[in-house]
Amino acid sequence: MSKKTGFTLVELLVVIAIIGILISLLLPAVQAAREAARRMQCSNNVKQWSLALHNHHDAMKCLPSQYSQGTVKHERFSVHYRLLPYLEQAALKDAIDNDDTITAPWIPTVGVVADTPANRKGQEIRNTRVTALLCPSDGERYDLTMLGGAHNHACSRTNLVISFADGIAHVDQNASPFTHSFTGTGVNRVNTPVGQTPGTGNLTHRLLFYYYKRSDFGTATDGTSNTIVCSETVTGDWNKETIKGSIAGYQDFDDGGYNAYPSMCMALRDGNTYKWGDNGALPQPYVHPRGGNWLETYAAQTGFHTIIPPNGPSCNKETTEAIRVGILAPTSNHTGGVNAGLLDGSVQFVSDSVDTGGLPMTRTGTYLQGESRFGVWGAMGTPNGGESKSL
């Protein structure tokens with residue numbers, strides 16, 4: 001008699017179980033490998049942006065300013081916009097410059113301004129993605145952002161943000177307590193604080209990127225390898241409630257004199273979200289999300305501070321668009337930290353546990369000078385604080 005061969009049902013189930021176990025063991029490794037590749041791509045983008053600063057410095061003999069320094073466009077165009085020719089995006093910058101409908105980073109927006117062929121063309125240009133500013137670890141990077149408040153319209157995003165060091169106040173405006181003198185026109189326009197001289201520590205001297213400021217490598221007296229110029233943010237929409245991608249608007253954030261304790265912002269964290277107020281009470285989501293518009297110079301969308309450690313909360317005194325008193329933390333979907341670009345063109349991975357100098361015991365304000373109060377993290381943000389600390 002011939003003997004029949006084959007699997008029994010029990011044997012088949014055992015084989016399926018073994019395959020399932022192997023897949024469950026391999027899947028985390030595959031996911032980790034994919035995230036490692038995404039993190040490397042983000043690191044490469046940060047490095048390319050940092051090198052673009054060098055190319056801009058070589059060509060223009062200065063670093064780009066926070067605002068556009070021009071008269072053709074509205075002053076609120078970002079550092080990213082200035083660096084487009086050095087990110088292999090010269091054609092995009094020319095298209096923006098040559099389109100008379102684009103008068104500001106958020107205009108034109110069809111439905112807000114006249115729905116004309118010219119405005120549609122302008123909106124298409126403004127909504128163009130710049131892949132060098134995007135990180136594949138952010139699953140929403142390709143979405144158009146919805147902004148709240150008076151500018152409720154769609155914008156293209158950025159995962160790359162610039163450093164505003166360790167000063168919290170008036171990083172978005174030049175109003176009181178600052179008094180400024182503007183000289184020159186067009187790209188030669190220069191902003192000088194009246195009655196303030198280099199070394200007094202106000203924000204104009206504390207930051208590399210400021211209103212019409214023409215910093216150069218010599219501004220970073222702490223050393224180019226000891227100065228952070230850019231990092232990352234996870235993007236969001238204006239009503240996004242997670243720590244990564246949004247900002248808590250909280251009127252009691254400062255002490256009434258443009259000073260604030262970072263611990264007040266840290267206290268608003270509730271796991272992955274904020275402790276939002278009920279029935280319209282503060283804190284509430286701030287109307288401009290993180291990374292919301294790569295063309296916009298407002299700090300909420302294209303900036304961060306070296307105060308609260310990476311992947312911490314971000315807070316602002318107002319829920320409206322200006323960051324008059326605010327602290328913005330860099331964020332990413334990488335495990336344990338963020339990529340940061342240094343002025344020397346190198347890239348470092350900054351841990352969530354980076355030294356912040358006893359954060360709960362210190363406060364920050366408008367006028368700062370000397371060494372940062374926020375440990376290694378704060379020192380790496382200041383270009384001229386007199387620190388020799390490094391990551």
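What percentage of the 391 residues in the protein chain do buried residues make up? Buried residues make up 52% of them, where buried means under 20% relative accessible area, exposed over 50%, and partly exposed in between (1.4 Å probe, protein chains only).

The model is predicted, so local features need pLDDT of at least 70 and side-chain atom pairs count only at pLDDT 80 or more, whereas totals for chains, interfaces and linings use all residues. Residues are numbered from 1 along each chain as its sequence is written, and side-chain values use heavy atoms, with hydrogens and water left out.

**View 1. Overview of the protein chain.** The secondary structure comes to eight helices and 15 strands, helices (H or I, at least four residues) and strands (E, at least two) being DSSP runs numbered from the N terminus. The accessible surface is about 16,600 Å², and 55% of this area belongs to carbon and sulfur atoms; accessible areas come from the Shrake-Rupley method with a 1.4 Å probe, and for residues only the protein chains shown count as cover. Among contacts (heavy atoms within 4.5 Å) with a separation of 6 or more, 69% are accounted for by residues 24 or more positions apart.

View 2. Two strands are taken to pair if DSSP finds at least two bridges between them. Strand 3 (residues 160-163) runs antiparallel to strand 6, to which it is joined by three bridges, and parallel to strand 11 (residues 303-304), to which it is joined by two bridges. Isoleucine 162 stands opposite cysteine 230 in strand 6 and has glycine 303 as its bridge partner in strand 11, while serine 163 stands opposite phenylalanine 304 in strand 11.

View 3. An open sheet with mixed pairing has its four strands in the order 10-7-12-13. Its edge strands, strand 10 (284-285) and strand 13 (326-327), each pair on one side only. Strand 7 (residues 248-249) and strand 10 run antiparallel and are joined by two bridges, and glutamine 284 in strand 10 is the bridge partner of glycine 249.

**View 4. Surroundings of threonine 227.** Threonine 227 lies in the loop between helix 5 (203-206) and strand 6 (228-232), and it counts as buried because its relative accessibility is 0%. Not counting residues up to four places away in sequence, threonine 227 touches residues including Leu208, Asp222, Leu342, Met380 and Pro383. A polar atom of the threonine 227 side chain lies 2.9 Å from the backbone oxygen of glycine 223. The C-alpha atoms of threonine 227 and serine 390 are separated by 8.5 Å, although these two residues are 163 residues apart along the chain.

View 5. Threonine 158 lies in the loop between strand 2 (154-155) and strand 3, and with 0% relative accessibility it counts as buried. A polar atom of its side chain lies 2.9 Å from the backbone oxygen of leucine 160, and its contacts, leaving aside neighbours within four places in sequence, include His80, Leu133, Thr233, Trp294 and Gln301. Arginine 157 forms a salt bridge (a side-chain nitrogen of Lys or Arg within 4 Å of a carboxyl oxygen of Asp or Glu) with glutamate 140, the closest N and O atoms being 3.4 Å apart. Arginine 157 lies in the loop between strand 2 and strand 3 and glutamate 140 in the loop between helix 4 (117-126) and strand 1 (145-146), so the pair ties together parts that are 17 residues apart in sequence. Arginine 157 is buried at 3% relative accessible area, whereas glutamate 140 is partly exposed at 26%.

**View 6. Further salt bridges.** The whole structure holds three salt bridges. One of them joins aspartate 97 to lysine 93, with the closest N and O atoms 3.0 Å apart; because the two residues are four residues apart in helix 3 (residues 90-97), about one helical turn separates them. Aspartate 97 is partly exposed at 21% relative accessible area, and lysine 93 counts as buried at 17%. The side chains of aspartate 115 and arginine 120 also meet in a salt bridge (2.8 Å, N to O).

Conventions: Polar contact = N/O pair within 3.5 Å; in protein donor to acceptor, adjacent residues only side chain to side chain.
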